[in-house]
Each structure stands twice: as structure tokens, then as C-alpha cells.
There are 2 protein chains.
Amino acid sequence: MSYGSRIGTEDETAQGRKLRFQSDDMSSRGATPAPSIGTSMGSEVRQMVHSVALPPSSTFWAQMKEGIMETFFADDPFRQFRGYKGKQRWFVGLMYIFPILDWLPKYDKRMLKGDLIAGLTTASLAIPQDLGYAKLANMDPIHGLYASFVPPLIYALLGSSRDITIGPVAVISIIMGQLLKNEIDPHEDRAGYLRLAFTATFFAGVVQASLGILRLGFLVDFLSHAAIVGFMSGAAVTIALQQLKGLLGITKFTTSSDIVSVMRSVWTHTGEWNWPTIGLGFFFLILLVATRRFSQMRKRFFWCSAVAPLGCVIVSTLFVFVTRLDRKGIKVIGYIEKGVNPASFSDIYWTGPLVARGFKVGVVSGLVALTEAVAIGRTFAALKAYHIDGNKEMIAIGTMNIAGSWTSCYVATGSFSRSAVNYQSGCFTAMSNVVMAIAVLFTLLFLTPLFHYTPECVLAAIIMNAVVGLVDLRAMYLVWKTDKIDFLVLAGALFGVMFVSIEIGLLVAVIISFSKILIHVTRPHTALLGNIPGTSMYHDIKQYPLASNEPGIVIVRIDAAIYFSNSNYVRERILRYVNDAEDELAVNGGIPLQFVILEMAPVMSIDTAAIHAFEELNTNLQARGIQLTISNTVGKVITTFKDGGFVDLLGQEWFFLSVSEGVQVCSILIKRKQQAMKENYADKV
Amino acid sequence: MSYGSRIGTEDETAQGRKLRFQSDDMSSRGATPAPSIGTSMGSEVRQMVHSVALPPSSTFWAQMKEGIMETFFADDPFRQFRGYKGKQRWFVGLMYIFPILDWLPKYDKRMLKGDLIAGLTTASLAIPQDLGYAKLANMDPIHGLYASFVPPLIYALLGSSRDITIGPVAVISIIMGQLLKNEIDPHEDRAGYLRLAFTATFFAGVVQASLGILRLGFLVDFLSHAAIVGFMSGAAVTIALQQLKGLLGITKFTTSSDIVSVMRSVWTHTGEWNWPTIGLGFFFLILLVATRRFSQMRKRFFWCSAVAPLGCVIVSTLFVFVTRLDRKGIKVIGYIEKGVNPASFSDIYWTGPLVARGFKVGVVSGLVALTEAVAIGRTFAALKAYHIDGNKEMIAIGTMNIAGSWTSCYVATGSFSRSAVNYQSGCFTAMSNVVMAIAVLFTLLFLTPLFHYTPECVLAAIIMNAVVGLVDLRAMYLVWKTDKIDFLVLAGALFGVMFVSIEIGLLVAVIISFSKILIHVTRPHTALLGNIPGTSMYHDIKQYPLASNEPGIVIVRIDAAIYFSNSNYVRERILRYVNDAEDELAVNGGIPLQFVILEMAPVMSIDTAAIHAFEELNTNLQARGIQLTISNTVGKVITTFKDGGFVDLLGQEWFFLSVSEGVQVCSILIKRKQQAMKENYADKV
């Protein structure tokens, strides 16, 4: 026989483990149960086909090390240390912690120009948005500005994304607003509410940084894309509808966020509608939407939609200041204190029952913020083809929020819309965040009194216009087209947010995401294989209806690693194929079932539970007089089978290199048995 | 070109969707970005290789139906309904609910004989064990007997296992004992403790039955085999050590279950050691162990170890009764009331804060009990090759525990040791449970007063002897040999139980099991492929060190379905292979990297997040001047790629039928480009 195509070349054997199942040692099978079909496999039959080789073995520590590296250091974060030694290594390490040390020395005029323009453009977008978002979190407008000053500066030191723009965002603001007001009423206990907000921000930062330090960043991957799209869109709709309060000038408004309560609030308070407010608000809303459309159509004028909000704020403020329409019921922001972020370290609850509540809110908003920041970072990194270390980013985001919680900020993260403007304005490095922070600082120090007459309805219009972009209809359509079940996930999160509450929407998103994972791992794909006529290939008979069964043999392919979570299912599923085949035989007649061939090529690894399941399967099949055989195992799987004692239990001769070789052997054995029965019958007659 | 081996035979195309990517429609690519390598693929190059076909499409509802069937009805529970109509169907349905209707009409004398012997043997083992196990749960001995009467009867009506023996078991007893005493002190509030125990039992039954009815039985598969082995062994050691209290005659004993507290209790109370108790206890312990060893060696005498406990109880009771050693400090069971199970329906807490606590204990003990019962059912079903519907079993177990909670029982389940005795004694059907229940009933009605003088040290010896079998050293060794990381899981659960507490041990087992699943789904296996010299095969270069790289091409195989939970990892991992290849080129020189070929044969499905990741990967590679190509996708994956718009984005010509065809095309393109560069250079010179 030719060993040419045998898996495991000669050289590999030479350097690897010597153990292999040779036709020669078949005789020493000893305790292996004899094939239940009643005819022992002749050595000449066995000689027809190839033997299966064991791969070179690896030690316990090698296995452990590889497992840990792939789990926690899959992105090879220390590749930049390679080739450095001694002192250099320290500097590279510092550069790893502070990426600014990497790019600042190479910084030039061209970059500065790009970052300057980008930073000022994003600032003009950020300042009006910040004032509005803070209201979503039930905080004073000034806290929005605070959160656009300290966090971006810290991020510029630590972050590795060149395009992300840091600051408060709509979705996090509303999550914090909704969750915090469940704990403390912001109107009754203003100071307590603020303290709880800083506490939550602190813990959000701690959770974010810890995930990064422990290299558990992959946990954010457990939120499915569909669930995020659904949740974000639902939150955007919720936020947009809540702006009706400001746009219509209503005073008594529901604190619930579901659209039923909001719309009821709108229609039961028609008496409160203030027509000057409505006129002003909708005028600027239409203006903003028109500018956005224009910018979308003419990419060259993208900056129009970026500076439009600040323009609207300036124009409307002047208008109200001149006309004094605030006396006619148009609500204005009013007095904003001047000055840079005050310290808030001592405001954080360090003891007492509110620590736990702050922690809870912090975990939720921190994780959502992280998901958003990481997604933004990755998107722009892909566009410019640089690498982002997800865990490193988490440490940066977490540190900046910890610092933020000590300087009167609430949770900040990357903003989709502002990062896009930053990118389009031609930013080069995180310096654009510094520029933006300086612009915000300037505003804090000198310009806040100018916002006194800024009408709230214009802020509402700015927010409404901003969040509409979060309703990602294209992504929804794509999910619908690609995977209907994913779309149900999306719809669940969407309707959960819109019709119940932010918390329920998030909960639905998380639960559905996890259920998907769990169902996915318990229900691996399997297929019944048949022969493609005229070839030696065996394919899924569902996909290839022409494929034909081999008489007396059931061939099943298993399409996933077999673990405790799916081993029982796999066993049951194989038995079901066998039962179906026997049912069909009972109806149509034919050669009785004598062999099951399992095609294991796609099975990349198995564990002890899988071996257990295979043992049970073997016991069950033996009791029915059916022989289990296994074909095409990869090296790791055959090693586990061997170590788990299953190779000895089943008998080495029942492991085949390929399905077609297995079918060859089994067919000959079936024919022999039939002949023997015939002769037996003839003798008796 | 020959289409002979093209995936998707002619007939399949005829009946399936007509859509396929022909070389012809390559010209209509339109918006597809041109290959970044700067040389468009000539149609004559494309003609060299095969096209990729789309499989026949299926509708939304067909997809949904298949998904639901595979998830919840994977074991095809309704197969017995096939071929029946009208009234017959009703009867088959009744038979499905009450399997007794299936076997009772066929019941004959031979079966009765087998079940009678098996039932009486298990009863002789069960009665002394029950008395002891009840003490583990801090209940009166009589409750153990109650739980061996009602639940087995109900199970006989509803259960489909023919070999399982129902009753209280050691591990569940200690779990309930430990968890319940955290809520109510059994010595201070005896009645309240009992009521809470019945409440927990009721909810255990409800949870078990609900899992079955909702067909969520697969959830018990989430406890990994290794974690269960570790937990069970740890619990067995804990239980055995706790028996030292009875064996040494100590009165004041710790209520903690960790071995440190227990051993400290033993050595700090040496003054309480009672020598008559120790003598009697250890005498019978040695006797029991010796009998067990004897039975293990001579399989014919397996019944010796089965009846030995009852023998010990009878002999020791007579001995104490005659010698009146109870006056010398040997503790005896004392008075046990006569009579059948009293009703306890009204004892269950239906309102108040204790409902939630009872529920908590019920969920934990119910799930562990279920895991045990299902495992036993499956083991023996495999031995006799009959089928067990896991979800159906859960309904039976749950119903029997609900009934038990109304009749003064605590959680019962299948016992490994008694089921084995039942099987070895030659049981045929669940009738053996009925026989055992009748024997227990007889005991309850007439024999309980006889246990008055039964020494507690003998019960302790019986329990110690029984649980030692749960320490499964062979399974531990097998896990160690098969999978070192699995062994860490096992050790975690084992030490958690032994050194901390039952709850912590369980928690460790559950958390580690889930972490394993989650890590498994986020970190799929990938491999760098190389060409096996002299063939057209491409294999993992780690497994086949001889395999050689193709110049200018990186070939990566992905070995799992790509979902949101692993899509980011997969993208990062592929980029890492590319980075490594570029690093190596930077050192050694060579043809610059121009193509990445992804071998997708093992990828059985992808979702929208995967498409997202591929888009990002493509963007990143394009920015570096590397072309992404994809080979060997299965039907479902290529359909999702198409629906998700990725086929149009990447360009249909970059999908290959196999790696070798991809390499063929890419190599030609690389050579052409080199030639063009040379000519260009020559022209310039």
C-alpha cells in the first residue's frame, strides 16, 4: 500500500510522537470489543486503506500557555517590545502606556494644521450638543461642558485612536438620567443626585479600566451587533421624542421614556404649548435638517452641518436677546456660572447604601459607553489601517472617566457624529481632542454668560437633529436581509426601549445576545452525507439532493467542536439519523444498517464530556448490532480520543482517514456477511 | 474548462436558485472597488478556475421552523405519533404522557419476577440510607422514608427510564441542609425549617417540570462534566467527613461543611469521643467496606453489598437492644412515629419573604437533582439501547417532587448507587420502583418502632461507605489525561466544596463552566496554511512543519462559525497573521504580500456582525495594498455574504472554489505585476 497521501508525513512522524496505529499492531487489540456485526475485520481489508497518525504531542504548560495567550493576549499587544532590550524597553513600555510619546516627537506643522481645523470644527459641534445632553442626564448644562474638557485631555495622553472625539453622548446621557432618577429624584435632592452621578461615573471608569487591565475586553463582544443597532435606534427615537418637551415649550412632562407616556404627555398638555417657542424651535429644526441633507449630498460641504448647530445657537440667542421673547414664554438656559471644572472627589459616595446603587448605574453606563467607544475606534482604525489595542483603549477610557468623576464630569465616551466630523475635517492625531478641550476651556472661562439667552427649544432642535442619525435604517435593512432571527433580536431591543424603558431595552438586548450564544453552542450543525455519483466525495444530502446513500451505512458529519454544552445534543442527533434510517428500512426494506461513519473533519477539538457521549453512543449502537466508525479526525481530536481511552475502546481499525476509505472497508464487510449468511442458508437447505 | 467537479451540480442548479456568479457577468461589476494590487484580473485568468454556486434558497418561515425544531425539538419527541390518526393519536398521546400505559399491557410474569427481586433489593439498601440522608438535610429520619414512598410511585407512572431508582440522595440532602440552615436554624425553629424545606421542594419540582415543559432541558448541559465530577467528589468527601460526628459520638459539632472546620471540630472535642460508639461504628464500617470490596471482585455477589446495610442495621439494633449500650452513651435513633406520609400542602409558604428564599434553595437543589437524574437515565438507557426523552424525564421528576412537597417529602431524584443495584438485580421496568415503594410503605406502617434502638453510628458508617463511591478517581484521572484545562475546572469545584462550602463549590462549578463556553465561543481556532509539497493540499503549518508558504500570499483557515461573539477576534487574528508575515518580509526580504486567502470550509454560518468584521478587514487590507480573497464557502455562508452585500463589495471574482485555485490565480497576478514592474523599470533605464 502507498503511504503517499497519509496524514502525517514521514518527517512529521520523525520529529513528533512515535505512537501511531499501524496495521501491524492490530493483532494486539486484546480487550477491544469485537465488531458487533459478527465478522472480524480481516487484515487484508484493513490493508486497503491508510492508517491515522497522531500529531506531535505538546506538554501541559505549552497547552496552558497557548490557551492563555489566545484568550487574553490574542491581539499580541507586546509586539512592539520585540527587538528592544534594557533601557530601550522601558521607553517602549512608556510609549505603550502613553501613546502620545510615540506621535508627539514626530508631530509637524501639517498635522497641527489638520488637528487645529478638526478640533475647532468638532468644538463648534460639541458645545451646543453638550449643553443639551447634560439635560438628558438631568444635570445642569455646564456639566456637559465640563465633560468635554477634562476627559478629552486625559484621552489624548493615553488613547491610541487618532480619530475618536471624546465627550458626553446622547445615549449614555439618557441611560444615566433614567437610571439615576430611579434612585434619587433630581428635583427633590439636587446635591444628592449630583453626588450619585459622580459616584456612578467613578465606578464606570473603574469597571472600564479593570476590563482593560484584566484583558477581559472581549466581554464587550458579547453584545450582538443586531442588539446594539436595535437598542441605539430605540434610544434615539426615545431621545428625539423627549425633545418635544423643549420644542413645544411644555413644563409638566412625564419622566418616563417610553413613547406611549411621552406622546400622552404631549397631547394632554396642549394647553401648555407655547407658540413663539414652537415657531422658533421648528424654524431652526428645519434649518438644521436642511443643512444636514445638503452636507450629505455635497461631501465637500460636510462642515456646514458641523458648524450649523453653533450658528443656530448664536443667531437664536441674539434674536431672543434683542426681542426679549423670553418674556413671552420662550424658555432660555439662564445663568451659567463661569469657570473651570470644580473638584468633586469629596462628593463621591465612598460609604453607605448609595455606593452600591452608584456602582450599578456605573456598570451599566460604563459598559454601554465602552461598547460605543471601542466600535468607533475600530471603525476609524480600519479606515486608516492602523491598529488599536481594544484592552489598551479600555484603560484609557476608564482612566479618563475616573479623572472625570473627580472633576464634576459625568460619563464621557466617543461620539459617533463628532468623531465622523473630526475624521472628515482631516484630523491627524489625538491632538484634535486637545484643541477641542482648549476651545471648551475658553468657553467655560469667558463665554458661558453669553448662553444666558439661548432658547432651550433650539437646544432641543439640535439634539433631535443629532440623534436622528443614530436610527440606522440601512443597518436594520441589512440585518433583515442577512439573518431573519438576528432581526428579531434587533426588534426586541428596539421595541423594548421604545415601548417600555431604557433598562428593559438593554436587558432584552443582553438576554437575547446571550441566548443566541448559548443556543449556538448547544445546537451545532450536523449533516447526513451521501455520495456524489461518479466521485469519491461525500456531501450534505440536503444541499445536494442527488447524493446517494450507501446501503447499510449511515454517514454523519459533525460541524463544530464537541464540548459538554453540545455533546448530548450531538449524541442524540446522531441516534436520530440512525433511527430515521431504520424507520425507512422498515418501510422500504433493504440491507440492514450495520455501520455508522462519523465524518469529523470540521471538529477542531473535543473534551471529556464528548468522549463520554461517544462512549454512550457506542454502547447504544453496539446493543443494536451497529458498528461505530470515525473518519478524518484532526490531530488534536485523535490525541484526545487516544488519551481518553476511546481509541482502545472502539478499536483502532475503526478510525479511517477519509469517508470514502471507510465506506470501502464497510461495504466489503457488509458484502462478506451477506455471502456468509447465504452460504449458511444454502448449507441448511 | 470543465465544470465536472464544480460545487453545485447541474441538477441542483436546475431546481435551486438560478443566481450564480458566472465569469460572464464579471464585466458588470460596476461599483466594486478595483483590486488594489493595481492589476485588474484578466478574464482569461478567471476562466482557469471554477465559479461558486449559491444553494437553493429557503424562505423566512422555513428557516425559522428549522431553527425552532433543532433548538427545542432536536430529539424529535413526537416520532411515535407518526402514522397514527384520529382516536389512535389520542391514545398514543396518553402513552407519551404516561409511559406506564405503554409497558403495563405487555407486562408478564418474567418481568414481575425481575422487578420484584430488584425492588426488594433496592429497598433493603434504600431504607437505611434514607434514615441517614434525612439527617444530612437536618430533617427527621422519617422524612427520608417518606421521600422513598410517594416520589417513586409518581415516577413509575410518568417516567420513561426503566432502571432509575428514585429517592433521597446524599448530595441533594447536604445541599438542602446547608442552604436551608442559612435561612432558618433547624434547632431553633423546627416547624419553620420543615415548612421551608417543603417550600423549596415544591419550587424545585416546579422548576424541573417547567424546564421540561418549555423544552429547555438542554440548559442542564451547561454544567460541564469536569465541574460535576469535581463537585460530586468534593461533596462526597465533605459528607464522609461529617459522618465522623456520628462515628465518634461527638455531640457539639460544627455546622460548617468545609473540611478545616470539620477536622477542627473532631480534634477539639476529643473529650466527647465515646469509645463504645467508636468500636461499634468502625466495626460495621470495616464490615461494609469489606463487603463492598468483595462484591466488586466477584460480580456474582453484587447483592451482598446491596443488602449489607440492612443487615448491619438489624444486627446492630438487636445488639444495642440486648446490651442496652445506649445507656453507655451510644446514641440511637429513638422514637419514630408510625404511619404513611402526612399531607404538607398547607405547610408550604405561599406568601411572605420566605417564598423567595424557598424558591432560591429550590432552584439550586432542583437543578442539581435534575443533572443527576438525567445523567443516570441516559447511562442506563445507553446500556440497554432504549431512548429517553430528556425533557419528558424532567416533567416526570418535577411532578414527583411537586407531589412530594405536598406529602412531607424533600427533594428526591435518581440515586446512582441504588440504580446500579436495581440494574444489576435484573429490573425490567419502573415497576421495581413500585415494589420498593410498597416495601417502604410496609416499613412506615409497621416497622418504624423497630428502629428505636438503631445506633446512629451505624447509619454514619452506612453513609460513609455509600458516598465513597461518589469520589470518582477514575473519572478524575481520565479528565487529567484528556484535557489539563478541564482538570483545573474539576479541581476548582472540588476544592471549592471541600475547603469553603457547598454553595461556593457549586458557584465555582457554574462560573467556570460558563466561562469555558464563553471563551470557547470568543476564541475560535484559526490556522495558517501552507502547501504540502507535491500536492495541491493546504494544511496547518503548525501540524505539518514541512508545508511551505506561497510567496506573496497569506492563507488562513477559520475553524468555526463566525458570530458577533467572535467576529472581532477573527478579524484581529487574521490581521495578526498578516502583520507577522510583513514583519518577516521586512527581515528576510521577498515578494511583498499582495493576497490574503481565507479558507472558509469549516465556517458553517456567519451573521451580520461577521460581515461587518469582514468589511473592516477588507478596508484595512485595501489600505495596505493587499487583496482579500475567500475560498471554499458553504452554501449558507455564501448566501449570507451575498445578502449582506459583501459579495458585491469584495467583487465576485475574489471568491474561489478552493485554496489551490485561489493560489493559482493569485500567483499568476503576482507574476504579471512583477513582470510589469520589471518592464517599467527597463523602460525607464
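Colleague: Which residues of α20(A) does α14(A) meet?
Modeller: Please keep in mind that this is a predicted model. From α14(A), the residues involved are A:Thr277, A:Leu280, A:Gly281, A:Phe284, A:Leu285, A:Leu288, A:Val289 and A:Arg292. By class, the residues of this contact divide into eleven nonpolar, three polar and one charged. On the α20(A) side, the residues met are A:Cys457, A:Val458, A:Ala460, A:Ala461, A:Ile462, A:Met464 and A:Asn465.

Colleague: How is α14(A) oriented relative to α20(A), roughly parallel or roughly antiparallel?
Modeller: Helix α14 covers residues 275-297 of chain A and helix α20 covers residues 456-468, and their axes come within 8 Å. The crossing is right-handed. The axes cross at roughly 30°. Angles under 35 degrees count as roughly parallel, so α14(A) is, relative to α20(A), roughly parallel.

Colleague: Thanks, that is clear. What word describes α21(B) relative to α22(B)?
Modeller: Here we look at residues 473-482 and residues 484-500 of chain B, whose helix axes come within 6 Å and cross at roughly 140°. Because of that angle, α21(B) is, relative to α22(B), oblique.

Colleague: And which residues of α22(B) take part in the contact with α21(B)?
Modeller: α21(B) passes α22(B) in a left-handed crossing. From α21(B) come B:Met476, B:Val479, B:Trp480 and B:Thr482. The residues of the contact divide into five nonpolar, one polar and one charged. The partners in α22(B) are B:Asp486, B:Phe487 and B:Leu490.

Colleague: Let me step back to the whole chain. What share of contacts in chain A between residues at least 6 apart in sequence joins residues at least 24 apart?
Modeller: Chain A holds 28 helices and eight strands. Of its 685 residues, 51% are buried. Among contacts between residues at least 6 apart in sequence, the share joining residues at least 24 apart is 82%.

Colleague: Which helix gives the most to the side of chain A that touches chain B?
Modeller: In this pairing, 70 residues of chain A are in contact with 70 residues of chain B. The greatest contribution on the chain A side is eight residues, and it comes from the helix at residues 608-623, α25.

Colleague: Which residue of β6(A) is the bridge partner of A:Ile553?
Modeller: Strand β5 of chain A, residues 553-558, runs parallel to β6(A), and five bridges join the two. Within β6(A), the partner of A:Ile553 is A:Phe595.

Colleague: Over in chain B, which strands stand at the edges of the sheet?
Modeller: Six strands of chain B form an open sheet with mixed pairing, in the order β4-β3-β5-β6-β7-β8. Two of these strands each have a single partner, so one side of each is left without a neighbour in the sheet. They are β4 (538-540) and β8 (655-656).

Colleague: In β4(B), which residue is the bridge partner of B:Gly530?
Modeller: β3(B) is mostly covered, with five of its six residues buried. It pairs with β4(B) in the antiparallel sense over three bridges. In the hairpin of these strands, with six residues between them, B:Gly534 takes a positive phi near 85°. The partner of B:Gly530 is B:His539.

Colleague: Last one: at about what angle does helix α28 of chain B run to β6(B)?
Modeller: Helix α24 of chain B, residues 567-588, lies across β3, β5 and β6, and runs at about 150° to β5(B). Helix α28, residues 659-684, lies across β3, β4, β5, β6, β7 and β8 of chain B. Its angle to β6(B) is about 170°.

How values were computed. Residues are numbered from 1 along each chain as its sequence is written. Chains are lettered from A and ligands numbered from 1 in the order in which they are written. This is a predicted model: local features need pLDDT of at least 70, side-chain atom pairs count only at pLDDT 80 or more; totals for chains, interfaces and linings use all residues. Axes are lines fitted to C-alpha atoms, for helices over the stretch in contact, and angles run from 0 to 180 degrees between N-to-C directions. Helices (H or I, at least four residues) and strands (E, at least two) are DSSP runs, numbered from the N terminus. Angles under 35 degrees count as roughly parallel, over 145 as roughly antiparallel, 65 to 115 as roughly perpendicular and the rest as oblique. A crossing is left-handed if the near helix is turned anticlockwise from the far one by less than a right angle, and right-handed if clockwise. Two residues are in contact if their C-beta atoms, placed from the backbone, lie within 7 Å. Ala, Val, Leu, Ile, Met, Phe, Trp, Tyr, Cys and Pro count as nonpolar, Asp, Glu, Lys and Arg as charged, and the others, Gly among them, as polar. A residue is buried if 20 or more other C-beta atoms lie within 10 Å of its own, exposed if 12 or fewer, and partly exposed in between; C-beta atoms are placed from the backbone. Two strands pair if DSSP finds at least two bridges between them.
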